[in-house]
Amino acid sequence: MIHFNLRHLSSSMAHSQVAYLIPLKADLKEDDSSPRITLSEGPNIIGRGNVSIADKRLSRKHISIIVSSSGSVSLSEGTNPVVIRSSGDGERKKIKPREEVLVSNDDLIELIPGHHFFKLVLLPTENRGCHERAAKKARKGEAQGDDDDDVEAIRRFVPPNEILPSTFRLLSVNGLPDWANTSCVSINDVIEGDVVAAILSNYMVDVDWLMSACPKLANIPQVMVIHGEGDGRQEYIQRKKPANWSLHKPRLPISFGTHHSKAIFLVYPRGVRVVVHTANLIHVDWNNKSQGLWMQDFPWKDDDNKDPPKCCGFEGDLIDYLNVLKWPEFTASLPGRGNVKINAAFFKKFDYSNATVRLIASVPGYHTGLNLKKWGHMKLRSILQECIFDREFRRSPLVYQFSSLGSLDEKWLAEFRDSLSSGITEDKTPLGPGDPLIIWPTVEDVRCSLEGYAAGNAIPSPLKNVEKPFLKKYWAKWKADHSARSRAMPHIKTFTRYSDQKLAWFLLTSSNLSKAAWGALQKNNSQLMIRSYELGVLFLPSPVKTQGCKFSCTEDNTSTMKAKQETKDEVEKRSKLVTMSWQGNRDSPEIISLPIPYQLPPKPYSTEDVPWSWDRGYSKKDVYGQVWPR
């Protein structure tokens, strides 16, 4: 499998992008598991530095491709053999050392004859505007410096380590300027250190990509993969997985449900790391899309402590959820603790008293009685009802942002809004209902995205769900210039209540806008029916602790005991949640900045904007010269 590291090419966003090299498999079909290489006007060096192939025959400057503004392309190579295969007559021509030749659209380039195939694709002239607008914004950001809030707010998002658990981070996106990936993370930033057991919870799992992207997974003694794949894919994973992996697909008692939760639980000698995120375990999700990730490390409970920490809300949320998954318990050997059984009860051994979020989970079933408010939107409602918010959030608007739209009706939307509008002010006045907007990519957004129309595969909503007339008043644009992610299509799912750049609360979740994910009330509101497994983290205003969250499973420091001793010394102030674009004193300890990737307030659709649906045909060519469907 071929993978590319495009970080060194990130400056190309500041120039006009005019062509691409598309990796091909040996059968000359496009290799969807590998990203395309962007070619800008002028010289482009292609070699071992940006084509990560385990082949010592490749040099660091294997070929040079020069693209002119008129669209002509010339290729020259160093001392290694290169073959050009003409798209016209299929003739293969070997390029001599130092020779320079013209290359045409759709020609195939073999970096090593018979190996490592790429197709040259020139951008249609009418579509270069998509790239040029993005490049203009990137140039503007680089030229104006830190004062331009709108263009490059993410450049300033550099939270100190002790604040990281109180916020979330975006995943790195290939091909963006370096400043656009400030404080962003990749999978190797998450799965690190001396992990002794891991649980990976997800919907889709590409075992080939995962092992190449995170080789460490082959060395962790015990790995449990909880997934939502179909039988065919499950059999493939079973054949390809390392011997230290076990697979489990949770029971789906109601039809049309999925195991959709995306989380990672890593057990260390020092504690446990809990990660909740929005990306499938596949290449495009961790490299090409707008995604979010939260994580926090927690220490072991002190077995000798006569006054152990009480079970906090986070611990209850977590254990309730893990109990439902019912994975087959397995045994792990922990330094100093011997062999332990890894099951849901095992996770009670950690101290979650410093957790910075609440978990909002969904599990399939018909939930009644005490379970009615345990899951889905009723869990969110029950937590918000107990929270006190500033008066400025009375009747303030709501945002629903996600990547798949279910079949909705107005009755359910009202039910959902009631849950998200819960909460009171200090004088016990209800916040009251907020007017929601739905942030959803337009057809033009997808066409001009980093992936072109291919990005629409991960925005899988049919026309019959999208075209419902009552939804028209809710549509708002995916506009993400300040995070440089306008062209990185969203797979992230977020829900929030805001006033200008301040947030009453914020939810990062796997849940799309659907009854299957959030649940629908039935039987005179006495029963909540949920089809799928989902998991999210809810950020709320909370008491500010002076020491922050200093515990780490991977850094050997002495601050853990100090932090426990200082918990009495709490500032009476409550944290305030703000966006990256908030203009105020960010050094104040109560300010928690969240890297919301899209613009607030959202901009409603214009009359020309058409919401994306993946089962329509689009004849206007995308940035790769493709139509939809292919």
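Predicted model: local features only at pLDDT ≥ 70, side-chain atom pairs only at ≥ 80, totals over all residues.

Q: How many cavities of 30 Å³ or more does a search of the whole structure find?

A: Rolling a probe the size of a water molecule over the atoms shows where empty space is left. Here the search finds 2 cavities of 30 Å³ or more (a cavity is a set of points on a 1 Å grid over the protein atoms alone where a 1.4 Å probe fits but cannot get out). The largest cavity has a volume of about 50 Å³, volume being the space filled by probe spheres set on the points, which are joined across faces, edges and corners.

Q: Which residues line the largest cavity?

A: The lining is G316, D317, D320, L359, A361, K374, W375 and K379 (each has an atom within 4 Å of a point). Helix α7 (313–325) and strand β20 (358–362) each supply at least two of the lining residues, and α7 gives the largest share, 3 residues. Helices (H or I, at least four residues) and strands (E, at least two) are DSSP runs, numbered from the N terminus.

Q: How do I read a pair of aromatic rings, and how many pairs are there?

A: A pair of aromatic rings is described by the distance of the centres and the angle of the planes. The count comes to 30 aromatic pairs (Phe, Tyr or Trp rings, the six-membered one for Trp, with centres within 6.5 Å; planes under 30 degrees apart are stacked, over 60 edge-to-face, the rest tilted). Take F298 and F314: their centres are 5.4 Å apart and their planes at 35 degrees, so this pair is tilted. F298 is in strand β17 (residues 292–299) and F314 in helix α7, so the pair ties together parts 16 residues apart in sequence.

Q: Are F298 and F314 buried or exposed?

A: Both are buried (under 20% relative accessible area, with exposed over 50% and partly exposed in between, using a 1.4 Å probe and protein chains only).

Q: What about F495 and W518?

A: Their ring centres lie 5.2 Å apart with the planes at 85 degrees, so that pair is edge-to-face. F495 counts as buried at 0% relative accessibility, and W518 does at 1%.

Technical notes:
Residues numbered from 1 in each chain as written. Heavy atoms only, no water. 1 Å grid on protein atoms, 1.4 Å probe; cavity = no way out; pocket = protein on both sides within 12 Å on 5 of 7 lines; lining within 4 Å.
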